[in-house]
Amino acid sequence: MSGDRVGIIGIGQSEFCSRRDDASYPELVREGVVRAMQDANLDFDAIEAVVYSLSPDAMIGIGNAERLGVDAVGGRNKPFLRINNGGATGISAVAAAYYHVASGMFDVVLTAGADKIGECGDSQTILNKIWDPSYERPLPLGTINMLAMSAVRYMQRYGMTEEDMARVTVKNRRHASLNPKAHLRRIVSIEDVLASRLISWPIKLMDCCPQSSGGAAMVLASEKFIRGNHLDAVWITGVGHSAETYWMGDRMGNNPTAEHADAYALGRSFEKSYRMAGVTDPARQVHVAELYAPFSNTEFHSIDAARLVSRPGESVARLRDGEFDIGGKIPVNPSGGTLCTNAIAVTAMARVAEVALQVWGRAGEHQVEGARLGIASGNGGDHQIFGTMVIEA
Amino acid sequence: MELLERQEVWNITYHHALGETASWFYTRIRDEAAIYGRRCSKTGRVLVPPRSFSDETLLPTTDWVKVGPGGRIEAFTMVYEKFNNLPDPPYAFGYVLLDGADTALGGYFKGIDLTDPQAAAAKLKIGTRVVATFAPERKGEMLDFWFELAAYNCVHEVAEG
Amino acid sequence: MGMRVQPAVIGCTIRPVIAARDRSLEEMIYDTAQLALADAGITIEDVDGIVVAANDQFDGRSISVMMASGPVGGVDRDIMSTPSASEHAFILGALRVATGQFRTQLVVSWSPTETSSMAEAQRLGTDPYFHRGLPLDELSAHALQASAVERAEPRARAAAEAVAEKNRAHGRAAWPNPPVQTQPGPLRWPIMPTMTTAPVTGSVAMVLAAPDFIAERGLRDVAWLQGMGWATEPSFLGDRDLTSAPALAAAARQAYATAGITDPASAFDLAEVTDATPYAELLAYEALSLCPRVDWQAQATDGSLARGGRLPVNLSGGVLTWNPVFCTGLIRVAEVANQIRGRAGAHQLPNVRRGLAHAGSGFAMQYQAAMVLGREARA
């Protein structure tokens, strides 16, 4: 469908870190936006609509905080709406911006957001409140222990060990050391990870993502605009979302449709974006992947769901073989991924941004040689809503 | 450059309607010390905790089915970190497939020594038999019950020497 | 610029007040989604994607889409969430159909009243940097705007009272059985208790479809989206011109351009305007080019904008009649769609060919949207 495609023409990210006492929340949004606009070499007048990326308001401490971000994105008197799909918000926001352009209504759309997690002392409390008050709220559920339970099941089904989990952290930290935008960049060893503080068995401190602050933004444009203005761009060729049951207990027990060890709906989401992009053999066609994995163990089921291996569980052995390292067969999270940087409201947008930079040849020191087709994913809710994309040069 | 801060606390109270299904479930816990699930009309699957409709078929559920008190562990974790507004560690919780149910129910695991995580993980491994145990005084809420290892497991270990 | 594929509304359910407490919020959402599918004559299997909209603070859930995704049929389906406004769910749903990649979209919104204080929940929407210390909830923001409007237009108060009276009369006629019973809003000078009503629990859902789906199923009672525009005001009230609604004017321009509307005052058989307060309705008249401010008082009192007049506004009775806060914007769109589809019940206007829906939300109508719907695909 050449001539009708949607491209990415500008990308901006903060250098993510814990606390940004020097900036208010709107100022962090502005930071990402200004960088993306400079990258696209556009004035704000050129932006025809804005999609705002923001997950739980409570993290920022401002109800409907997107309203505060209107000025930061230059949104006055422009079409503006906000997306919240939990942790998947960033990729869902890019998808919504994609739909704005693909609808035929707009040629140039900005998507942006930021998070300031370091200011919220109770992120697990807030994330406990995503569970229903009818039944599960009284349980001490949070995103960490929810995914610890996924790890427990993945261990039982596929033989993953704590050492296998540690290997993911070691890989991603090494990648992050090459990425100036990443938050945690210190190289660590398997022994370091295994010796780190136990949070929720088997997840230890170094198996966890940090809480990051910073902004991100992207500018999308129609192929018509891109060709007409002789711009450089990379293309979004596949987009999809899918969700599984909210009930974690339904992902266990007798013949569940979605198994909690795996990432069923992520697989279904990839089916959609692969179909749209014409990717029939991901293990051969995908050159680079930025898969949302805030905990080390979750990178495995994400790789499985993206079908970068031939069967679930195989990702463990392939990672051990170095297949997913920069320099390996299909580098996964060459930016360091969510495990090394997690500003929740934009972390899934960063996945898209990083893949875009890769296939664009602009990823600097963490560039994957010859990457021309990449995939990105975002997870939201209690491991429930998944957005995916295919980006190509 | 002097950088200032401001503290804000969110404090909102809610009164959530539980609906007939959840309400009945809790009255059985309170008055009968029993756990019930609901059967999906299309697939026959017994959903626990019970809901008035299945999110897979979008059809109403039909009859009530008593489940447990025995069951098997489907997932678990032991938490060793303190989080604001969550209990003091260590504690163990997870999901149990009660006998007669098709989906697993969340709850605390009590009565297990958590000082050595690896040993505790071995005790709680997937498939371990547990029993839903009820508080003598109950209010009609999820914390009225928890799971303890079934006597069967202990006997089994003793037999293995 | 126009849409690649033109969506139409093929099903609606409006549940403007839900007083019973026998269903949990999730069960209420399930009921709403089921009703909309039934009204459209389709099943969930026909739905290609879903967009929901709710406010986390009103719901008491940190990510409102999570638990709601099951009830709306989101399991194994493409679902997204726009918590900025209920009307934004319609907008995103329409855009998705317009891409040609989705043949249908289910759009669902809800607004419960389970929080002990809606005002408290709304106050959390102010920034902590400058405004959190002020008693600024949505009604207070509307009051600030109303006082600015009164200063700029001395006849605004009389016009506002007439608008409220009109909507009240429409509401009585629209919902005879059972009759409307709501609590008046508080006094927030210059907004009188007779000008607003207390929040109620409500919900609304719509089904959108593409022309090929409609043709395939032989669907007749549909309302075509002829034009759509939306825009936002800046963040701080102090940065805005509160005496007018520039964002709405921008949104209206976009909608009218696509729909080919050159004389809005005479182009529509009816309109539904989000009357968060009667002053908001007056400002919308102006920004939508339905009635300039010099004529506000005259037209609000001479019946031009009432049933039987040249352009009946809010035959549903508006927000003054039912106030399910978060849903009020999307309900206006649904009301117009129902009028075109002949499904507006007691407040049906005969022979509606084209209608205008205005959706506004946030502090002093920060978010504005306008939709032109019609019985024909083209004007």
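Author: Start with R39(B): its bridge partner in β2(B) is V46(B). This is a predicted model, where local features need pLDDT of at least 70, side-chain atom pairs count only at pLDDT 80 or more, and totals for chains, interfaces and linings use all residues. Residues are numbered from 1 along each chain as its sequence is written, and chains are lettered from A and ligands numbered from 1 in the order in which they are written.

Reader: How many bridges join β1 of chain B to β2(B)?

Author: Two, and the strands run antiparallel. β1 covers residues 35–40 of chain B. Two strands pair if DSSP finds at least two bridges between them. Strands (E, at least two residues) and helices (H or I, at least four) are DSSP runs, numbered from the N terminus.

Reader: What's the strand order in that sheet of chain B?

Author: The order is β2-β1-β3. It is an open sheet of three strands with antiparallel pairing. β2 (46–47) and β3 (61–67) of chain B stand at the edges. Each has a single partner strand, so one side of each is left without a neighbour in the sheet.

Reader: New topic. How many residues does chain B put into its contact with chain A?

Author: Chain B gives 40 residues and chain A gives 37. Contact means that the C-beta atoms of two residues, placed from the backbone, lie within 7 Å.

Reader: Which element of chain B gives the most there?

Author: β4(B), with six residues. The elements giving two or more residues are β4 (70–79), β5 (91–98), β6 (105–109) and α2 (117–123) of chain B. By class, this side of chain B has 26 nonpolar, seven polar and seven charged residues. Nonpolar covers Ala, Val, Leu, Ile, Met, Phe, Trp, Tyr, Cys and Pro; charged covers Asp, Glu, Lys and Arg; the others, Gly among them, are polar.

Reader: And what does chain C give to its contact with chain A?

Author: 51 residues, with 54 from chain A. α4(C) gives the most to the chain C side, with six residues. That side divides into 24 nonpolar, 18 polar and nine charged residues.

Reader: How is chain C divided?

Author: Into domain 1 (8–118 + 200–217) and domain 2 (136–199 + 226–374). Those bounds come from an automatic or database domain assignment. The C-alpha centres of the two domains lie 23 Å apart. Their contact takes 27 residues from domain 1 of chain C and 24 residues from domain 2 of chain C.

Reader: Which elements give two or more residues to the domain 1 side?

Author: β1 (8–15), α4 (86–98), β4 (104–111) and β5 (202–209) of chain C. The largest share, six residues, comes from α4(C). The domain 1 side has 17 nonpolar residues, nine polar and one charged.

Reader: Back to β4(C). Why is it largely enclosed?

Author: Eight of its eight residues are buried, so the rest of the structure largely encloses β4(C). Buried means 20 or more other C-beta atoms within 10 Å of the residue's own; exposed means 12 or fewer, and partly exposed is in between, with C-beta atoms placed from the backbone. T104(C), L106(C), V108(C) and W110(C) point one way, and Q105(C), V107(C), S109(C) and S111(C) the other.

Reader: Is the pairing of β2 of chain C with β4(C) parallel or antiparallel?

Author: Parallel, over four bridges. L106(C) in β4(C) is the bridge partner of I50(C). β4(C) and β5(C) run antiparallel, joined by eight bridges. There, S109(C) stands opposite V204(C) in β5(C).
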